Amino acid sequence: MRKYIKILRKQQENTFWQTFCYDTNKSQISIAHVLLELNQRSPLKDIEGKEAEPIQWECNCQQGKCGACAMLIDGFPALACEEKLDIHMDTVELMPLQKFPVVKDLIVDRSSVFENLKKMQVWIKGKGPVKQENQKEAYCASQCLQCGCCLEICTSYTGGDEFLGMAVLAPSVRIFSVSKGKEKDLMLKKYRRYVYEGCDEFHACDHVCPVKLPLAQLMAHMNAQIKKAVGGDRNEE
Ligand code: FES
């Protein structure tokens with residue numbers, strides 16, 4: 001099987017496409033595997049025979065557990081270590097996620113996700129045992145990789161608005177589910193603008209989540225709690 005791996009590269013101030021030829025007899029290999037093999041070539045040459053710098057990309061677990069390898073694969077946000085090569089056409093396009101600043105090649109700076117998690121104060125003050133009825137949501141929420149795939153596909157998230165997107169809201173569900181009483185109501189009132197006021201209910205996040213979190217369901221769960229806390233008035237201050 002011959003494939004052409006077309007990569008949008010960024011080096012210093014230059015952004016350009018570079019294509020590499022990749023031959024394999026193996027089936028079911030991942031895009032991450034391809035990138036690792038390309039970088040083992042010495043020297044690495046593109047299809048025009050020009051020497052190329054090693055491809056910069058992030059990879060840690062190679063098991064779909066850390067979220068580091070998220071990128072656009074043929075225009076769709078996915079984890080390179082999970083995405084199989086043979087489901088793609090002869091030319092596979094790889095681009096960095098577009099809603100984050102590009103550091104180099106396929107590496108982006110996702111620190112905005114962590115800053116927004118701090119803004120949401122996603123931590124428990126004092127003891128916070130998870131009630132049995134909330135365990136399902138809490139477990140779901142704890143699986144979020146913060147890979148950014150859901151933010152990339154989201155039609156509401158721009159990176160600059162108040163709506164923080166599901167990479168931040170999913171972990172928040174876990175905290176909301178263990179908070180209680182007035183503290184919880186205040187938290188929900190304070191943060192509702194980051195949640196249901198911003199979502200346009202396109203729900204593409206639900207479709208692209210690499211760990212298949214039921215994001216629309218988590219959002220609905222949080223919206224229900226917010227509606228209860230603010231008395232159901234979406235415009236109430
Ligand atoms: S390398 Fe960890 S999710 Fe792909």
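Predicted model: local features only at pLDDT ≥ 70, side-chain atom pairs only at ≥ 80, totals over all residues.
Where is Arg110 found? Arg110 is in the loop between β7 (107-108) and α2.

## The chain as a whole

The protein chain has 237 residues, 48% of which count as buried. Its secondary structure comes to 8 helices and 7 strands. Among contacts in the chain with a separation of 6 or more, 64% are accounted for by residues 24 or more positions apart. The accessible surface comes to about 12,600 Å², and carbon and sulfur atoms hold 48% of that surface.

The predictor's confidence has a mean pLDDT of 87 over the chain, with 88% of the residues reaching 70 or more. Residues 233-237 have a pLDDT below 50, and this stretch has 9 contacts in the model beyond near neighbours in sequence.

Helix α1 spans residues 31-40, and its buried residues are Ile31, Ala32, Val34, Leu35 and Leu38. These residues cover an arc of only 160 degrees around the axis, so they are on the same side of α1. What the buried residues of α1 pack against is a set of strands: β1 (2-11), β2 (14-23), β3 (70-73) and β5 (91-95).

Helix α3 covers residues 135-142, with Glu137, Ala138, Cys140 and Ala141 as its buried residues. Viewed down the axis of α3, the buried residues fall within an arc of 160 degrees and therefore line one face of the helix. Lys136 and Tyr139 are exposed on the other side of α3.

Arg110 counts as buried because its relative accessibility is 10%, under the 20% cut-off. Leaving out residues up to four places away in sequence, Arg110 touches Glu58, Gly67, Ala68, Ala70, Phe100, Gln146 and Cys147.

Asn116 lies in helix α2, which runs over residues 111-119. With a relative accessible area of 11%, Asn116 is buried. Its contacts, again without residues up to four places away in sequence, are Tyr157, Leu164 and Val168.

Ile226 is part of helix α8 and counts as buried at 0% relative accessibility. Met187 is 39 residues from Ile226 in sequence, while the C-alpha atoms of the two are 9.1 Å apart in space.

## Empty space in the model

Rolling a probe the size of a water molecule over the atoms shows where empty space is left. The structure holds 3 cavities of 30 Å³ or more. The largest cavity is lined by 15 residues, and those nearest its centre are Cys154, Met166, Cys199, His203 and Cys205. Two elements give two or more residues to this lining, α7 (204-208) and α8 (215-230). Helix α8 has the largest share of the lining.

The lining of the largest pocket consists of Phe76, Pro77, Ala78, Leu79, Glu82, Glu83, His207, Val208, Cys209, Pro210 and Lys212. Both β4 (76-79) and α7 supply at least two residues of that lining.

| Space | Volume | Element giving the most to the lining |
|---|---|---|
| Largest cavity | about 110 Å³ | α8, 3 residues |
| Largest pocket | about 240 Å³ | β4, 4 residues |

## Backbone features in loops

Most residues other than glycine have a negative phi, and most peptide bonds are trans. Some places in this model depart from that pattern.

Which form does the peptide bond from Ser42 to Pro43 take, cis or trans? The bond is cis, with omega near 0 degrees. Pro43 has its place in the loop between α1 and β3.

Asp74 is not a glycine, yet its phi is positive, near 50 degrees. This residue is found in the loop between β3 and β4. Asp74 counts as partly exposed because its relative accessibility is 34%, between the cut-offs of 20% and 50%.

Glu201, also not a glycine, has a positive phi of about 60 degrees. Its loop is the one between α6 (181-191) and α7. Glu201 is exposed, with a relative accessible area of 54%.

How values were computed: Residues numbered from 1 in each chain as written. Heavy atoms only, no water. Buried < 20%, exposed > 50% of the residue type's maximum accessible area, 1.4 Å probe, protein only. Contact = heavy atoms within 4.5 Å. Arc of directions from axis to C-beta. Areas by Shrake-Rupley, 256 points an atom, 1.4 Å probe, with all protein chains shown as cover. pLDDT = per-residue confidence, 0-100. 1 Å grid on protein atoms, 1.4 Å probe; cavity = no way out; pocket = protein on both sides within 12 Å on 5 of 7 lines; lining within 4 Å. Points joined across faces, edges and corners; volume = space filled by probe spheres on them.
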